[in-house]
Amino acid sequence: MTSPGTTRPTPIGTLQCVVLDCPDVMELAVFYQRLLGGEINRPDPQWAVGDAWATLHGTGGTPVLAFQGVADHRPPVWGAPEQQFHIDVRVADLDAAHEAVLALGAWRLDGDGGEDGNGDDRAWRIYADPAGHPFCLVRH
């Protein structure tokens, strides 16, 4: 570990992809393609796609999203101590993005209104994808 103002260490590697476990790889790949854009299962010698593995390339310079089929997948529980991470998606219009992700099969995890229930003026909203992985829509 380095102190502020010192030389950065040489990285061990680079982030290749983020893999989401799920029961249906194509359902989740299509969900994220409609949310982020990109190309599902683009030919690439790094990936062997099939019934249990799908990829999403070209989502605005981000690493590849990959989807791994897991028969006994248990989605994380939002706010539970064992939850490890979530994805933030920047959007220009929270209300329009809200309607769009619900139409794709997402559901809201943080209720229908703001913190006090009197409207939603926060800069983000929390959802789950069709396999239950949490993600946030964040106002641009």
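Are Phe31 and Phe135 buried or exposed? Phe31 is buried, and Phe135 is buried too. The model discussed here is predicted.

## Aromatic pairs

There are 5 aromatic pairs in the structure. In one of them, the ring centres of Phe31 and Tyr32 lie 5.0 Å apart with the planes at 85 degrees, so this pair is edge-to-face. Phe31 and Tyr32 are both buried.

Phe31 also pairs with Phe135: the centres are 5.8 Å apart and the planes stand at 65 degrees, so this pair is edge-to-face as well. Because Phe31 belongs to helix H1 and Phe135 to strand E8, the pair ties together parts that are 104 residues apart in sequence. Ring pairs join Phe31, Tyr32, Phe67, Tyr127 and Phe135 into a cluster.

Four strands form an open sheet in the order E1-E4-E3-E2, and their pairing is mixed. Strand E1 (17-22) and strand E2 (39-40) are the edge strands, each pairing on one side only. Strands of a sheet pair through backbone hydrogen bonds, in a parallel or an antiparallel sense. E2 pairs with strand E3 (residues 53-57) in the antiparallel sense, over 2 bridges. Leu56 in E3 is the bridge partner of Ile40.

Helix H1 (residues 25-36) lies across E1, E2, E3 and strand E4 (64-69). Relative to E4, H1 runs at about 155 degrees.

## Helix H2

Helix H2 spans residues 94-103, and its buried residues include Leu94, Ala97, His98 and Val101. Viewed down the helix axis, the buried residues of H2 fall within an arc of 105 degrees, so they line one face. An α-helix has 3.6 residues a turn, so residues three or four places apart point the same way. Glu99 and Ala103 are exposed and sit on the face of H2 turned away from its buried side. The packing partners of the buried residues are H1, strand E5 (87-91), strand E6 (107-108), strand E7 (124-128) and strand E8 (134-139).

At the N-terminal end, Asp93 caps H2, with a side-chain oxygen 3.0 Å from the backbone nitrogen of Asp95. Gly105 follows H2 and has a positive phi, near 110 degrees.

## His98

His98 is a residue of helix H2. Its relative accessibility is 14%, so His98 counts as buried, the cut-off being under 20%. Leaving aside residues up to four places away in sequence, His98 touches Arg108, Arg125, Tyr127 and Leu137. One of these contacts, Tyr127, also belongs to the aromatic cluster that holds Phe31 and Phe135.

Key
Residues are numbered from 1 along each chain as its sequence is written. This is a predicted model: local features need pLDDT of at least 70, side-chain atom pairs count only at pLDDT 80 or more; totals for chains, interfaces and linings use all residues. Side-chain values use heavy atoms; hydrogens and water are left out. Two strands pair if DSSP finds at least two bridges between them. Contact means heavy atoms within 4.5 Å. Axes are lines fitted to C-alpha atoms, for helices over the stretch in contact, and angles run from 0 to 180 degrees between N-to-C directions. Buried means under 20% relative accessible area, exposed over 50%, partly exposed in between (1.4 Å probe, protein chains only). The arc is that of the directions from the helix axis to the C-beta atoms. A polar contact is a pair of N or O atoms within 3.5 Å; within protein, one must be able to donate a hydrogen and the other to accept it, and residues adjacent in sequence count only if both atoms are side-chain atoms. Rings of Phe, Tyr and Trp (its six-membered ring) pair if their centres lie within 6.5 Å; planes under 30 degrees apart count as stacked, over 60 as edge-to-face and the rest as tilted.
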